[in-house]
Amino acid sequence: MKLRLILVVAFVLLAVVPMAFVGFAILQATEENALECVNAELEYVSSIQVARLNEALNDYIEGVELISINSPFSQHLSIYFEKEEPEDKEFVKTLLLDAKESVSKFRRLCVIDFDGQVVVSTDAMQEGQSCKGEEFFTSGLEEISITVMQGDEGQTLLLVAGPIVSENKTIAVLLVEADAERILSVVSDYSGVGKSGETVIAMRAEDGAALFITPLRFDKDAAFTRRVGKEWLNVPITQALLGKEDLFIEYRDYRGELVFAVTKYVELVDWGLVVKRDSSEAFEPFERIRAFILFALLFAGLISAIIGFILSVVVSTPLIKLSKAVEKITKGNFDVKLEKSRVNEIQQLSNSFSRVLASLKLAIVRTGMSKEEIGLGEAVKAKKEAEKKYLNIVQISVDPIFSFDSGLIITTWNPSAKQVFGYSESEMVGKSVLSLFSEKTVSEMEQKLASLIAVGKGTLSETPIETNVLAKEGRKVAIELAVSVRESADEYTAMAIARDITERKKTAEDLKKEKDFSEGIIDTAQAILLVLDPGGKIVKFNPYMEKVSGYKLEEVKGKDWFTTFLPKQDYNKIRKIFKRRLKATKPQINTNPIITKKGKEIQIEWADKVLKDKNGKVTGLIAIGNNVTEQQKAEKKLRESEKKLSFLITNSLDVMFRLDLEKGYTFISPSVKRLLGYTPENYYNDPLFYRKITHPDDLPKIEKMILDLQKGRAPPKRFELRQFHKDGHIVYEEFTFTSVYDKKGKIIGLEGVSRDVTEKKQAEEQLKESEEKFRKLAEGSHDLISITDLKAKTIWANNAWKKIFGSKLPGPDSFPQIHPEDKAAVVKAWAGLLKNKKSIVGLEYRYRHDGKKYQHFKTNAKVITIVGQPMVFISARNVTAEKIAEKSCVSGKPKVRSKD
């Protein structure tokens, strides 16, 4: 085989074969990564879909709970069952209608008695119908359940049934027929599944088959028509209904297309859910990478062949010329002139042949021997073969190869040495080999290499030296150096083969760092890390597990996990799950309790993964656990709190709301219907609806407040407004506001409460009218009327009072002006009034004002409350004339009034 062909083939092989190997490895890794990515994507999407489905279902359940636990509802229903009064039934029906209006997804609501008969319904045609024997009625007596069914128009409907409890006793079943819009929105959301993927939901039919309950992406009529027999166990939807959650690869779906599918089990309603995506679409990025790698391999092969051919021409041409010259010499033509070569090694070889040729010529002249007798042809041939082998080894080697003599001076330097160390042959040949080593290792390397050459035998190839070489530009290159010594002429020379182990050492260091890092995480992580062998025995756990459980690893290592840490009733169930997990191909999350050393039960959420050796054999299971005991308690409290809040919002007489300055009302509680006759949807559908029902005289107040909010001014704490009820009458409302701010501190809306103060306003107006009437009556009265505080200071008095006492009203110093004979009776009556709230009736006394004559008064007094403060109401009459008349009658001497 010709040298040129060998060089071309060798170069192509050296370039393409490693690249092909790397490309194949990349393809394998890419395919595995693609599978993992598709699995992860589908697993993520399916988890989201199940969470959304459970959230929607729980909303339906909570809606039924809020109605069934409503005290007025259950109490009136109980009274109706007992007395069968029409007004109680109407009240129950009104509550059902309110609930139907408040929850848009509710179509019909009804109450079913123990005999299975509908007694109250929002649909009058439904009353009197029998539901006895229906699955929803039977299950609804025990707990809230959800049943799916097909409507009259082919749509998907949900029947949510639950017990109505009064005084801890079930008295009836509440049945709600609801639209399945939120369920349908789950399957119609194709986020994360591309153009070909979809979510499929099926329930278990009476014969055990999987019956699809929603339309499919590519079969809109599939709901309640398409089914899969229970005997088709290899179908994903069947597996999902069996509670098996797994990944299906290259499965052919109902369209005949190959798909990836992930199965989920919705335990709440015993449904199966499958999220799938076409294999062709899922692997589309991988196919592009495969095509690119194949193209790169072909392109690299072509470029390598061209470069190999050029190099082969450069290297082989002088060798071919030298070979032809030697061939002529072997045939006795000693006058051949050898051409010069730019390749140093070939020129040195040419020079050596020139010297040999000169020596042969001299030998022939001196000895008279013929060229055939000398045997030059065989020698040249052997030398030529040796040179080819050396050239192949040195020039093609991927490892740096160089030679040095007994003085440690470099004599040869191959291309790989230049590539690795950065120095060219001309830069290194003639220099000391010690120039490659750092100051720290020069002495050691000099001693090893010099002693080896001095002995003249032996090899270090079996025990290579690990050291660092100073490459060009100061780079440090870690190498593994093997040296062999050979005898040449009258001295020993050495050939060194160096292998670049920089990446290997870096990888080893990185692995050590990663190991240290991993161990650090394990030791400090605030999560349990547990390793079990295939038999379920404890292999290892971290310090956090010791802290949580109270056990040291040494106490329980090698013991059975299930009997050591789990409640007795959970042994068999968790052990079965563990065995299934050892056969699973993907991680899974579950929650179960463990028992600490002190006997305390705590809830742990586990995420596990199967451990396998390099041959794929299962070696155990690693699990990461989080203590969710407090979290579950908090979540339970939160759910209870949310239920209470929801009940409060639903049943509160006040209206709670949130108003966005741009979007209008974003929330308003259902109680708005009781207040104004309108539903929340009226506000949601029309952002300016609240303006339309506001009294025209109050609109400027609203506009001013909105303008102030836009300018960053806080709203008034209390705000009164008149709005029109749906039936036309005016409702007075008192608003309490709190500002809502965005991240920049700008006011973007209001949150608050609205309360009906119509009766209060009417009472205030009536009080105002009453006060006005009292004032007119009091001002026109001939009696002296006044109001004083408890210290006898006059707060108000009528005109009759002022005519006698003037503009200066009597104050706390009034008692000295009472006649001494009457003062004791007045003080006693006043004290009894203040202490015992005993009214004064017909108290007579004499009183004089500003030193004038005493006048006779007859007084009534009573403690009253005005604006929250106790006051004394006094009504007095001047009886001086009557007293004088009485005295005249007694004495028999009538008094005669003079003309003056």
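I first looked up a nonpolar surface patch of about 950 Å², made by Phe295, Phe299, Leu302, Ile303, Ile306, Ile307, Phe309, Ile310, Leu311 and Val314. Patch residues have over 30% relative accessible area and no salt bridge, and nonpolar side chains (Val, Leu, Ile, Met, Phe, Trp, Tyr) are joined within 5 Å. A salt bridge is a side-chain nitrogen of Lys or Arg within 4 Å of a carboxyl oxygen of Asp or Glu. Areas come from the Shrake-Rupley method with a 1.4 Å probe.

I noted that this is a predicted model, where local features need pLDDT of at least 70 and side-chain atom pairs count only at pLDDT 80 or more. Residues are numbered from 1 along each chain, and side-chain values use heavy atoms, without hydrogens and water.

I found Ile310 in helix H8 (residues 284–330); helices are DSSP runs (H or I) of at least four residues, strands (E) of at least two. Ile310 is partly exposed because its relative accessible area is 48%, and the class lies between buried (under 20%) and exposed (over 50%).

I checked Thr441 in helix H14 (residues 439–455). Thr441 counts as buried because its relative accessibility is 17%. Beyond its neighbours within four places in sequence, Thr441 is in contact (heavy atoms within 4.5 Å) with Thr467 and Asn468.

I then traced an open, antiparallel sheet of 5 strands, ordered S28-S27-S31-S30-S29. Its edge strands are S28 (794–797) and S29 (840–847), each pairing on one side only; pairing takes at least two DSSP bridges. S27 (residues 784–788) and S28 pair over 3 bridges, and Thr788 stands opposite Thr794 in S28.

Terms used
Patch = residues over 30% accessible without salt bridge, like charges linked within 9 Å, V, L, I, M, F, W, Y side chains within 5 Å. Buried < 20%, exposed > 50% of the residue type's maximum accessible area, 1.4 Å probe, protein only.
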